[in-house]
Amino acid sequence: MRILVVEDEPTLAAQLAEGIKSVGYVVDVAHNGVDGHFMGETQPYDAIVLDIGLPQMDGITVLKKWRASGRTLPVLILTARDTWREKVAGIDAGADDYLTKPFHMEELLARLRALIRRAGGHASTEFVCGPLTLDTRSSRASVDGTALTLTSHEYRVLAYLMHHPGEIVSRAELTEHIYAQDFDRDSNTVEVFIARLRKKLPPGLIETVRGLGYRLNKAQ
Amino acid sequence: MKIAFLRNSLRIRLLAGTLVWIVISILVAGWGLGQLFHQHVEAQFDVELKNHLDQLTAQLILDEQNQAQVRLLPSDPRLNKPLSGLYWQIDRITAAVERPVKAVLRSRSLWDETLVVPADAPADGEIYQHRIEGPHGVALRVVERTVTIDTHSLMLMVAANESLMTAPIADFKGHLWLALGILGMGLTFAASMQVFVGLAPLRSMQDALGRVRHGDARNMEGTFPSEIMPLVNEFNTVLAQNAEVVERARTQAGNLAHALKTPLSVLSNAANAPEKRDDDLARLVTSQVDTVRKQVDYHLSRAQAAASVQVPGMRTSVEPVIQGLVRVMQRVHAERHLVFVVIPDEASLSFRGEEQDLQEMLGNLIDNASKWARSRIEIQVSDESGKLRVSIDDDGKGIAETERDHVLKRGVRADEQVPGTGLGLAITADLAQMYGGDLVLAKSSLGGLQASLILPAV
């Protein structure tokens with residue numbers, strides 16, 4: 001899961017990135033509206049945390065532009081002006097949820113999780129696929145109740161697959177969603193993570209679809 | 001009080017001033033014209049009497065017995081008609097007796113009456129005038145002269161009923177006053193029209209102001225005479241400045257909130273970092289940040305509302321505000337599939353106040369209802385004897401009667417498990433009261449809480 005944070009205050013941006021990373025997501029940060037808009041427009045994010053008061057281009061405008069160009073990903077807006085006028089404007093511009101500053105990180109993470117879940121059509125924080133259970137709240141996976149020990153990259157790969165059960169996910173797509181923008185990417189490493197995951201999971205859960213990518217076997 | 005009313009009405013002042021002058025002018029003109037006519041008629045009358053006297057004098061002779069005789073009687077037919085009102089008479093004046101011998105000759109019109117004039121002796125050629133009482137007590141105007149032939153002195157007099165002179169004068173005066181009265185009424189009507197037309201712009205200015213106060217217009221509209229236009233322009237400038245001051249206050253309050261809240265977020269997040277969470281200092285920071293946030297929210301909303309309550313001409317449609325807030329709630333609580341029912345008011349009343357304040361009040365109430373509701377929220381707008389009433393019902397667990405007053409007090413949360421409640425209700429109650437309205441909590445027919453906002457309407 002790859003998240004974009006658009007926040008101009010550097011310390012808060014760093015705290016947000018830190019907090020979101022701690023639950024197993026990958027985070028990119030933009031510090032102004034123009035950069036934020038460009039990144040949201042060009043990179044495949046799973047959700048965006050967008051501050052309303054941004055330099056160069058305000059958050060509402062950025063959001064409207066994304067929506068106008070057909071970006072449907074969930075967007076959580078952060079507002080410092082705790083007025084309903086701003087919240088209505090934000091929602092009408094296409095936001096999915098709002099949070100007023102100052103906020104508790106737990107609350108932000110909970111909202112973010114809910115938005116990603118909602119976007120994938122899930123009703124619960126728990127994702128189940130056969131014997132495999134993924135709890136997005138605690139960032140843990142278990143097989144038949146036995147907790148798995150996963151590295152953060154392994155968790156991200158598994159979480160992305162579990163958010164798209166039964167779908168074919170290409171290697172490139174996985175790479176896009178498990179690495180931050182400025183990370184030195186190598187799609188071969190995805191194969192390594194898949195291989196490691198297969199060892200930890202019951203056999204046959206992750207299928208390889210030749211020439212296309214991977215698929216989580218729902219029937220299992 | 002009546003005097004004050006007279007003094008305070010421009011219309012009455014102008015009308016009274018004009019009326020006084022009209023009445024004075026008409027009285028003076030009437031009296032003057034009457035006098036002039038009177039003098040003229042009197043002079044004419046006297047000339048006529050003297051003509052008769054001259055005629056009589058010319059025909060006067062003494063016969064052999066030294067008796068006065070009139071050779072040719074004056075021709076005026078009235079002198080032959082008894083008591084016609086025009087008379088002549090000749091008296092003999094004897095030296096021995098002061099009282100002259102009465103009426104040696106007289107006109108036929110005198111019949112057997114005698115003219116009695118005061119005893120006097122005009123010098124030869126002089127003509128005297130008297131007012132005497134004639135036949136049947138009628139007032140007569142008399143001219144007399146003394147004529148001496150040889151040693152015989154005779155007094156010649158011609159008299160006429162004064163009514164022959166006064167009747168046309170009275171008649172004239174009657175017509176004169178009637179004409180002047182009509183003139184006066186015309187002038188009064190003209191003056192009233194002038195005052196009415198002249199003051200009409202004031203009336204339309206009052207209407208324009210009324211529309212501003214009612215919120216139908218943002219400033220005074222229409223064209224006014226050049227004497228009043230500067231006043232209207234000045235007033236519009238004041239209105240615009242007022243609105244600008246409020247807008248600036250809002251922006252600045254918003255900026256302050258923005259400036260404060262981002263650092264507060266940083267502080268709160270730093271204190272909540274996993275490795276610090278159990279630290280005493282971190283806990284203190286967390287709780288204090290929360291307090292600061294509440295204080296800022298509370299006082300900001302108050303300051304903003306305080307500024308806009310003062311501004312006239314505000315009018316906000318209720319339904320668009322509700323729809324906007326419902327859109328927010330439906331999006332934010334998407335997975336709960338809440339049902340929002342909005343029952344608009346048939347009379348379509350508007351809120352007399354700033355849109356943002358209505359948004360704050362309704363936002364807090366609808367947000368609160370959405371947090372607590374199980375599945376259904378009903379929002380009803382109605383007219384409560386001229387005031388706007390917005391009731392928000394939910395089917396949640398509600399607030400116990402004993403708790404209701406408590407939650408309206410600032411910063412008290414009825415239940416900590418749903419974040420943000422309590423303060424929102426207190427802010428809403430405060431805002432409503434600043435607008436002269438109220439927030440009433442009751443048990444809803446849906447089972448949960450019913451929050452009713454009562455606000456001034458337009």
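The contact between the two chains takes 25 residues from chain A and 27 residues from chain B, two residues being in contact if their C-beta atoms, placed from the backbone, lie within 7 Å. On the side of chain A that touches chain B, at least two residues each are supplied by α1 (10-21), α4 (84-93) and α5 (105-119) of chain A; helices (H or I, at least four residues) and strands (E, at least two) are DSSP runs, numbered from the N terminus. The most is given by α4(A), with six residues. This side of chain A divides into nine nonpolar, six polar and ten charged residues, where Ala, Val, Leu, Ile, Met, Phe, Trp, Tyr, Cys and Pro count as nonpolar, Asp, Glu, Lys and Arg as charged, and the others, Gly among them, as polar.

The model is predicted: local features need pLDDT of at least 70 and side-chain atom pairs count only at pLDDT 80 or more, whereas totals for chains, interfaces and linings use all residues. Residues are numbered from 1 along each chain as its sequence is written, and chains are lettered from A and ligands numbered from 1 in the order in which they are written.

Chain A has eight helices and twelve strands. Of its 220 residues, 46% count as buried (20 or more other C-beta atoms within 10 Å of the residue's own, with C-beta atoms placed from the backbone). Among contacts in chain A between residues at least 6 apart in sequence, 55% join residues at least 24 apart.

Not counting residues up to four places away in sequence, A:Leu158 touches A:Leu134, A:Ala141, A:Leu150 and A:Leu197.

In chain A, four strands form an open sheet in the order β6-β7-β8-β9, with antiparallel pairing (strands pair if DSSP finds at least two bridges between them). Strands β6 (126-129) and β9 (146-147) of chain A stand at the edges with a single partner strand each, so one side of each is left without a neighbour in the sheet. Four bridges join β7 (residues 132-135) and β8 (residues 140-143) of chain A in the antiparallel sense, and A:Asp135 has A:Arg140 in β8(A) as its bridge partner.

Conventions: Buried ≥ 20, exposed ≤ 12 C-beta atoms within 10 Å, placed from the backbone.
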